[in-house]
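The sequence and the model are shown first.

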Amino acid sequence: MTANRPHGPEQHEQPERSGLRPERRGRPERPGRAAPDHPDAGTRDHPSAADEIQGPGTPEEAWRTWERFDRLPRVAADRAEGIVVVAAHPDDEVLGVGGTIAGALANGRRVRVVLLTDGGASHPDGPVSPDRLAVLRARETEEALADLANDRPATWDPVGPDQAASGAAMAGPAAPGPETSKMSADRPATEGPSIESFERLGAASAVVDVVRLGLPDTAVAAHEAAACTALVPLLAGFELCLAPWSHDLHADHEAAGRLAARACHQAGTRHAQYPVWMWHWGRPGDSRVPWSRAVRVDLAPHTLVRKEQAIGRFATQIAALAPGEDDRVILPPEELAHFTRPFEVLFRC
């Protein structure tokens with residue numbers, strides 16, 4: 001995809017180093033949020049969040065030609081001394097900030113991805129069971145992160161409940177034997193909100209890992225407090241946390257943004273939020289979006305290539321899950337176009 005690149009005097013503006021600085025100006029009033037216990041719940045500004053997400057959406061061409069993108073402040077979030085990326089579902093982290101993840105890894109920074117759910121509810125009533133779908137999506141995440149980490153091998157290491165509860169999950173367990181060094185495609189999905197049963201995806205260089213909280217897909221809000229408690233110790237030693245935008249009009253995304261904000265406040269960790277569904281229901285200049293807090297992270301060409309490769313790993317979301325039986329495509333090409341620009345957008349918090 002071709003997108004507008006910086007031009008004019010602003011092209012030479014130096015990006016902020018070491019993550020994101022808090023904005024000192026007053027913040028505009030935020031839009032209403034979906035009721036926390038139902039993905040289709042209405043908001044103050046929208047009769048139905050589901051209608052906004054399931055509607056035709058804003059074409060990427062409208063976003064590509066929006067001149068304000070060129071005026072957004074540039075930040076070098078990928079230079080932060082360690083980044084924790086919170087994702088409501090597997091693929092949110094790659095869609096929203098995959099380029100930032102790849103850049104951070106290339107700069108030798110540690111990255112931790114915290115997956116709140118296994119994404120097993122993406123195809124309700126489909127021919128593939130939620131448990132099987134969760135396993136497939138976990139494998140897609142493994143492959144996608146390997147792409148972002150420049151194809152370094154990834155392994156799944158279990159972290160026991162005692163370690164997780166005590167915060168020892170930061171150090172990780174002893175290296176597993178050969179029989180457990182790779183995630184098995186037949187591994188059963190985590191049942192229920194087993195907050196204290198973490199798993200880690202660590203690259204050979206130990207700079208990227210994944211912690212899975214196993215919350216029920218579509219019901220993150222019902223477990224916000226427990227997830228916030230689990231997230232706080234996972235932030236230790238990391239400078240920056242990136243989480244879904246808390247007004248993205250998807251209940252799980254909004255809950256993820258809220259709980260991450262609380263956890264970062266408790267841990268004293270700098271944080272920002274990334275939009276996902278906003279690119280679909282929003283419009284350039286949309287008054288419901290806090291553009292005064294928006295910043296951009298520019299992606300090098302090779303970083304964008306890695307992000308595109310990583311997005312391509314999520315076959316369960318970008319192609320029909322079972323052609324002829326279930327032809328639903330969650331992320332068709334017109335949606336993916338929003339996430340293959342040569343920059344990513346964050347909202348300061």
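Are α6 and α7 parallel, antiparallel, perpendicular or oblique to each other? They are oblique to each other, a class left for angles that are not under 35 degrees (roughly parallel), over 145 (roughly antiparallel) or 65 to 115 (roughly perpendicular).

The model is predicted: local features need pLDDT of at least 70, side-chain atom pairs count only at pLDDT 80 or more, and totals for chains, interfaces and linings use all residues. Residues are numbered from 1 along each chain as its sequence is written, and side-chain values use heavy atoms, with hydrogens and water left out.

**Overall composition**

The protein has 11 helices and 9 strands, where helices (H or I, at least four residues) and strands (E, at least two) are DSSP runs numbered from the N terminus. Of its 349 residues, 55% are buried, the term for under 20% relative accessible area, with exposed meaning over 50% and partly exposed in between (1.4 Å probe, protein chains only). Among contacts with a separation of 6 or more, 80% are between residues 24 or more positions apart; a contact means heavy atoms within 4.5 Å.

**Helix packing**

The two helix pairs are listed below; axes are lines fitted to C-alpha atoms over the stretch in contact, and angles run from 0 to 180 degrees between N-to-C directions.

| Helix pair | Angle | Axis separation |
|---|---|---|
| α6 (residues 224-234) and α7 (residues 251-267) | about 45° | 9 Å |
| α4 (residues 130-148) and α9 (residues 301-311) | about 170° | 8 Å |

On the α4 side the contact is made by Ala144, Asp147 and Leu148, and on the α9 side by Arg306, Lys307, Gln309 and Ala310. These residues comprise 3 nonpolar, 1 polar and 3 charged, with Ala, Val, Leu, Ile, Met, Phe, Trp, Tyr, Cys and Pro counted as nonpolar, Asp, Glu, Lys and Arg as charged, and the others, Gly among them, as polar.

For α6 and α7 the crossing is right-handed, meaning that the near helix is turned clockwise from the far one by less than a right angle. From α6, Glu224, Ala227, Cys228, Leu231 and Val232 meet residues of α7 that include Ala255, Arg258, Leu259 and Ala263. By class, the contact of α6 with α7 has 9 nonpolar, 1 polar and 3 charged residues.

**Loop residues**

Thr269 is placed in the loop between α7 and β7 (270-274) and, at 8% relative accessibility, is buried. Beyond neighbours within four places in sequence, Thr269 contacts Leu235, Phe238, Glu239, Leu240, Cys241 and Cys264.

Gly120, in the loop between β2 (111-117) and α4, is also buried, with a relative accessible area of 14%. Residues up to four places away aside, Gly120 touches Pro130, Leu133, Ala134 and Asp217.

Arg341 occupies the loop between α11 (333-336) and β9 (343-348) and counts as buried at 2% relative accessibility. The side chains of Arg341 and Glu60 form a polar contact of 2.8 Å, that is, a pair of N or O atoms within 3.5 Å of which, within protein, one must be able to donate a hydrogen and the other to accept it, residues adjacent in sequence counting only if both atoms are side-chain atoms. The Arg341 side chain also reaches the backbone oxygen of His338 at 3.5 Å.

Glu325, in the loop between α10 (315-318) and α11, is exposed, with a relative accessible area of 64%. Glu325 and Gly126 are separated by 199 residues in sequence and by 8.0 Å in space, C-alpha to C-alpha.
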